[in-house]
Amino acid sequence: MPEHAVTASPDATYMGLALQEARKAWAAGEVPVGAVVVRDGEVIAAGFNQPIGRHDPTAHAEIVALRAAAEKLGNYRLPGCELYVTLEPCAMCSGAMMHARLARVVYAAPDPKTGVCGSILDLFALDRLNHHTDVVGGVLADEAAAMLKAFFAERRAARRAPAADAAPAD
C-alpha cells in the first residue's frame, strides 16, 4: 500500500453507513438522523428517524436500529454490540442503549439541546448506573452537522416560500 494512501477507520466506515440512513430520514421528511448496530465487524441492523411517519415518539433512529438488532439476535440484550449514530443520543435513546447492554456508542455531531453524552449532561458517566457503555463522539461530526443544518435551512425556506397554488394578490 502506498504511504500516501489513507484507509477509513472502522468508526468512520460505520458512521458513513449511519449517514446513509440519515439521508433516508431526510427523504421521508424526517429529521436526518441515522444509526447502525455492529457486532463483530458486521452491520446487523440499521434505522433512521421515523417518529412522524410512524406516529411514534419513540421511533428515533437509535431505537429503530436497537429493535431490529434485538429481533435479529433474538435477545433484548445486545452485549458486544456497538451503535453508530449521526447525532448525540437523547435521554430516551441512551436509556435504551444502557438497557440493551451495548458495549459502545459512537456518535457524530453533538446535540446542544437534548444530547446526554456530554452536551446537556452525561448519562453514560454516572457511576451509580449498573451498566457502563463506552462512548466516543465526533466521528464524521462535520458531515452530520452539515446535513442537519441543510435540512433545517430547507425547512425554513419552505415555510417562507409562498404556496405555488396561492392566488396572486391584487
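**Exercise 1. Helix H3 in the predicted model**

Task: In this predicted model, what span does helix H3 (residues 61–73) reach from its first C-alpha to its last, and what span is expected?

Solution. 
- Step 1. Helix H3 covers residues 61–73, which is 13 residues, and its end-to-end C-alpha reach is 18 Å. At 1.5 Å a residue, 18 Å is expected, and the reach is close to that.
- Step 2. The buried residues in H3 are Ala61, Glu62, Ile63, Val64, Ala65, Leu66, Ala69 and Ala70.
- Step 3. After H3 comes Gly74, with a positive phi near 70°.

**Exercise 2. The chain as a whole**

Task: How many helices and strands does the chain have, and in what order do the elements run?

Solution. 
- Step 1. The chain holds five helices and five strands.
- Step 2. Read from the N terminus, the order is α-β-β-α-α-β-α-β-β-α.
- Step 3. The C-alpha trace spans about 65 × 45 × 30 Å along its principal axes.
- Step 4. Of the 170 residues in the chain, 41% are buried.
- Step 5. Take the contacts between residues at least 6 apart in sequence: 56% of them join residues at least 24 apart.

**Exercise 3. Helices H1 and H5**

Task: Are helix H1 and helix H5 roughly parallel or roughly antiparallel to each other, and which residues meet?

Solution. 
- Step 1. The axes of H1 (residues 10–27) and H5 (residues 141–160) come within 11 Å and cross at roughly 5°.
- Step 2. Angles under 35 degrees count as roughly parallel, so H1 and H5 are roughly parallel to each other.
- Step 3. From H1, Leu19, Ala22, Arg23 and Trp26 take part; they meet Glu143, Ala144, Met147, Ala150, Phe151 and Glu154 of H5.
- Step 4. Sorted by type, the residues of this contact are seven nonpolar, no polar and three charged.

**Exercise 4. Aromatic pairs**

Task: How many aromatic pairs does a search of the whole structure find, and which residues do ring pairs link into a cluster?

Solution. 
- Step 1. The search finds three aromatic pairs.
- Step 2. One of them is Trp26 with Phe151, an edge-to-face pair with 5.6 Å from centre to centre and 90° between the planes.
- Step 3. Trp26 belongs to helix H1 and Phe151 to helix H5, and the two are 125 residues apart, so this pair links distant parts of the chain.
- Step 4. Trp26 is partly exposed at 22% relative accessible area, whereas Phe151 is buried at 2%.
- Step 5. Phe151 also pairs with Phe152, again edge-to-face, at 5.0 Å centre to centre and with 80° between the planes. Phe152 is partly exposed, with a relative accessible area of 34%.
- Step 6. Through ring pairs, Trp26, Phe151 and Phe152 are linked into a cluster.

**Exercise 5. Met92 and Val43**

Task: Where is Met92 placed, where does Val43 lie, and which residues does each touch beyond four places in sequence?

Solution. 
- Step 1. Met92 is in helix H4 and is partly exposed at 31% relative accessibility.
- Step 2. Beyond four places in sequence, Met92 touches Pro57, Thr58, His60 and Ile63. Met92 and His60 are 32 residues apart along the chain, with 9.2 Å between their C-alpha atoms.
- Step 3. Val43 is in strand E2 and is partly exposed, with a relative accessible area of 31%.
- Step 4. With neighbours within four places left aside, Val43 contacts Tyr14, Leu17, Val36, Val37 and Val38. The C-alpha atoms of Val43 and Ala69, 26 residues apart along the chain, are separated by 9.3 Å.

Conventions:
Residues are numbered from 1 along each chain as its sequence is written. This is a predicted model: local features need pLDDT of at least 70, side-chain atom pairs count only at pLDDT 80 or more; totals for chains, interfaces and linings use all residues. Side-chain values use heavy atoms; hydrogens and water are left out. Helices (H or I, at least four residues) and strands (E, at least two) are DSSP runs, numbered from the N terminus. The expected span of a helix is 1.5 Å times one less than its number of residues. Buried means under 20% relative accessible area, exposed over 50%, partly exposed in between (1.4 Å probe, protein chains only). Axes are lines fitted to C-alpha atoms, for helices over the stretch in contact, and angles run from 0 to 180 degrees between N-to-C directions. Angles under 35 degrees count as roughly parallel, over 145 as roughly antiparallel, 65 to 115 as roughly perpendicular and the rest as oblique. Contact means heavy atoms within 4.5 Å. Ala, Val, Leu, Ile, Met, Phe, Trp, Tyr, Cys and Pro count as nonpolar, Asp, Glu, Lys and Arg as charged, and the others, Gly among them, as polar. Rings of Phe, Tyr and Trp (its six-membered ring) pair if their centres lie within 6.5 Å; planes under 30 degrees apart count as stacked, over 60 as edge-to-face and the rest as tilted.
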